[in-house]
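Welcome to this short tour! Open your viewer, get your selection tool ready, and follow along stop by stop.

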Amino acid sequence: MHDRTTTLLWRRWRAALALFLLAAATGAYLRFGFLAGMGGLSYPNVRHAHSHLMFFGWVTPALMALIGARLPAWTGRPPGRGLVWSISLALAAGLLAYFPFLFFGYGLAPVAGRRLPLSVMAAGLNVLVWYGFAAATWRETRGAPRTTPLRLWDVALGFLVGSTVGTIGLPIMTALGAEDAFWSTALTHIFLDLFTEGWFVLGVLGLAYAEWPAAAASPWSRRGTDLMIMGLPVIWLIYLPVAQVPPIARLVGAIGGLLATAGLAAHLAALWPVARTWRLPLFFLGLKAGSQLLLLPAGWAQWAEAMRLRIPYLHWLLLGFATLGLLAAAEARWGARRAPGRRWLAAAVIAISLSLVPLTGLWPGAWGGRWPYDLAAWVALGPALVAGGMLLWPLWERRSAPAPLAAGRGRG
């Protein structure tokens with residue numbers, strides 16, 4: 001039964017990888033569309049489809065599958081059907097949201113003579129699935145000792161659930177006819193920032209500690225989590241446009257951001273000396289933490305906005321840390337033959353990160369022109385090509401004997 005459940009979780013991880021391929025291909029289409037036209041699609045809508053599929057269809061279900069694959073180390077039993085089903089539903093809901101965002105964005109879609117907010121409805125379905133996964137995971141781990149990975153996942157799931165305040169608040173404001181520019185933007189950031197900074201960052205850090213339990217012995221480990229618990233609830237305030245935030249709110253956000261950044265530094269201090277296979281994801285986490293410091297003083301945050309650093313920042317977080325961390329965790333849990341291509345994807349992510357620099361204000365204008373946009377478009381094909389190869393590789397491997405699922409390093 002344990003082997004069967006492990007195989008089911010591996011297959012769901014591969015399904016998430018297939019959605020990563022679609023998200024990466026959409027990102028490349030976005031880059032080429034900027035140069036040659038979108039072929040009838042709207043640039044903002046394609047951007048929304050790309051980002052939501054990365055959030056809902058790739059990182060979230062892949063992280064869920066890897067958490068489920070590690071839980072037996074502490075519970076002593078394979079994950080139950082509820083947890084496995086919730087991952088399947090997360091994959092389906094993530095894909096379901098992709099198409100309304102692609103064609104209609106946040107606008108209304110014509111359906112049987114009516115105009116419906118299909119994108120918002122699909123996003124709401126994702127929220128319900130997340131609640132189901134959180135409930136299933138907490139039920140699975142009830143009574144288990146709260147090791148460092150389990151504590152990180154407890155907190156990550158708390159932020160996953162808490163982030164949905166933003167998704168619930170926006171429709172309520174619309175239904176009540178309340179128009180407030182600050183709170184409309186704020187609710188969006190409450191969702192996005194608690195989702196990424198809390199659920200993604202803490203969840204993937206839990207996978208790192210599960211693979212390298214020796215790092216949990218460092219006193220920096222627990223301090224890092226405590227600091228992030230204190231700072232993350234208000235961190236969304238520093239990601240809002242500076243001009244929209246009252247000074248006292250900026251101060252509260254800056255204090256929270258400082259605590260959260262100190263927490264990241266503590267986790268880096270605990271993991272870096274021992275987690276050899278995680279050095280590149282941790283490097284990108286360090287880049288993310290350093291750039292986060294730029295947002296604390298209002299003047300620096302305005303400079304970062306003017307330099308257009310938001311896009312590189314999101315790629316450092318979603319591709320550099322989260323995606324490469326998920327690949328490192330999958331290879332450790334299931335073996336390189338079942339989760340191939342980590343080094344190739346690392347090269348593709350590094351290439352994308354470098355290609356984004358000429359698109360920022362940091363690049364001298366005299367060195368600009370069309371070529372940075374051409375370069376960014378062609379380099380954006382890399383992750384999609386690697387993901388396609390990763391999906392096809394096991395089919396090639398079937399010509400030989402099937403590879404057993406690896407037990408992996410660490411506690412799992």
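**A walk through the salt bridges**

Start by selecting D226, which is partly exposed, with a relative accessible area of 29%. Keep in mind as you look around that this is a predicted model.

Is R151 buried or exposed? R151 is buried, because its relative accessible area is 18% and the cut-off for buried is under 20%.

Next, select D193 and R310. They form a salt bridge too, with the closest N and O atoms 3.9 Å apart. Here again distant parts of the chain are linked: D193 is in helix α7 (residues 181-211) and R310 in helix α12 (residues 310-334), 117 residues apart. D193 is buried, at 1% relative accessible area, whereas R310 is partly exposed at 33%.

For another pair, pick R146 and D154, whose closest N and O atoms are 2.8 Å apart in a salt bridge. R146 is partly exposed at 37%, and D154 is partly exposed at 23%. How many salt bridges does a search of the whole structure find? The search finds 6.

Finish on the surface. Select L95, F99, F103 and F104, which form a nonpolar patch with about 350 Å² of accessible area together. Zoom in on F103: this residue lies in helix α4 (residues 81-104) and is partly exposed, at 47% relative accessibility.

Terms used. Residues numbered from 1 in each chain as written. Predicted model: local features only at pLDDT ≥ 70, side-chain atom pairs only at ≥ 80, totals over all residues. Heavy atoms only, no water. Patch = residues over 30% accessible without salt bridge, like charges linked within 9 Å, V, L, I, M, F, W, Y side chains within 5 Å. Areas by Shrake-Rupley, 256 points an atom, 1.4 Å probe, with all protein chains shown as cover. Salt bridge = Lys/Arg side-chain N within 4 Å of Asp/Glu carboxyl O. Helix = DSSP H or I, 4+ residues; strand = E, 2+ residues; numbered from the N terminus. Buried < 20%, exposed > 50% of the residue type's maximum accessible area, 1.4 Å probe, protein only.
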